[in-house]
Amino acid sequence: MLGFHYCKTKECEETCLDDAQSKQLRQKITDQLASHKEQSVHETLLKCKSNLTFHMDESSISIPLHRSISGLFLITVTIDTCDYRFVLDTGAQVSGISERLIQKHRPKKLLGTLSIGSIGGKMETMKGYLFPEISIASLTIHEMPMIALQSSLFQFQILSYEVSMFDGIIGWDILSHFDFEIDDIGKQWKLLNNRFSFPHPNMVKASFPVFIVKDAKGNVLPMGFDSGAKISWMDEKKLREYGYSISGEAVTLGMGVHGLEEIKIKQYAHMELYLYKAKIQLYTIPTGRTNVFPNVTLAGILGNEIFRNRRIRIVNSKEMVLLR
């Protein structure tokens, strides 16, 4: 039976990763992920070096952010003067666009493909396309590779009309180039100029963002961050190593780039995690796939529930995440 999962995030004193255990884990993860750079997915699709470039007319950007009924954060993206709804998804290693818009805008098809895995472990080969230019407010992105997303997986029908939940995804391959804030209070997405230094970073940059957090037991855990996921999940084997016990089993449904999947999961009763100035309390936590990287299994993946009615700032230039 599926228990009721929920998350409470409260402000607390800053958790500083200045101890030897935290520094050693962060260095270990950094070394393990050295070959998993953000640009590697583009080079796989292009079969050559990426020419991705950015141009901003302003030093900072703040644009409206909309939270969908399914818990996704949406922004407006412009392609050939047409506006579309794209998901801000740090958990997507590469940005994507619906096949419907590929047929409309006719971008160049790329030689390479990517094998993309879902939360349930389902793998599928995805085709790539190159868009000469897309815009997000005053930010223009040139020579942007994207994978094709099957339109029918993100649509539903009302009477005789097809309604799209969204049109595409802005993934970590783009987001990792900026210092940005997702503000669920003011409903804004902001690109920022960082003016601060941080002596003890709590993040590792790779083709998927990894946060270094502490738990109430004193463990230091590597956790992925997926802003496109409504809830968090944990790796069963890793949590056993950290001293946690299974509290139940269930069957649930998960939505990913391959659509809706039925997934068998196990559950943990409670975890308390500390990230910067936030205490994150998770209850009835599901297990799931966390081996985002071939040689690294993360302790878990944090969803966008951790900053509900809050602000989260990802300072990529300093490998720091601020949550309070």
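User: What makes a set of residues a nonpolar core here?

Analyst: A nonpolar core is a set of buried Ala, Val, Leu, Ile, Met, Phe, Trp, Tyr and Cys residues joined through side-chain atoms within 4.5 Å, where buried means under 20% relative accessible area (1.4 Å probe, protein chains only). The largest such core has 58 residues, and I170, W189, F211 and I312 touch the most other members. Strand 10 (residues 139-149) gives the largest share of this core, 5 residues. The model is predicted: local features need pLDDT of at least 70, side-chain atom pairs count only at pLDDT 80 or more, and totals for chains, interfaces and linings use all residues. Residues are numbered from 1 along each chain as its sequence is written, and side-chain values use heavy atoms, with hydrogens and water left out.

User: Which residues are in contact with I312, leaving aside neighbours within four places in sequence?

Analyst: Contact means heavy atoms within 4.5 Å. Among the residues that I312 contacts are F180, I182, F211, F225 and L322.

User: Why are strand 3 and strand 25 called edge strands?

Analyst: Strands are DSSP runs (E, at least two residues), numbered from the N terminus, and two of them pair if DSSP finds at least two bridges between them. In the open sheet, with order 3-15-14-24-25 and antiparallel pairing, strand 3 (61-64) and strand 25 (320-323) each pair on one side only, so they are the edges.

User: How do you know that strand 14 and strand 24 pair?

Analyst: Two strands need at least two bridges; strand 14 (residues 179-183) and strand 24 (residues 311-315) have 5 bridges, in the antiparallel sense, and therefore count as paired.

Terms used:
Buried < 20%, exposed > 50% of the residue type's maximum accessible area, 1.4 Å probe, protein only. Helix = DSSP H or I, 4+ residues; strand = E, 2+ residues; numbered from the N terminus.
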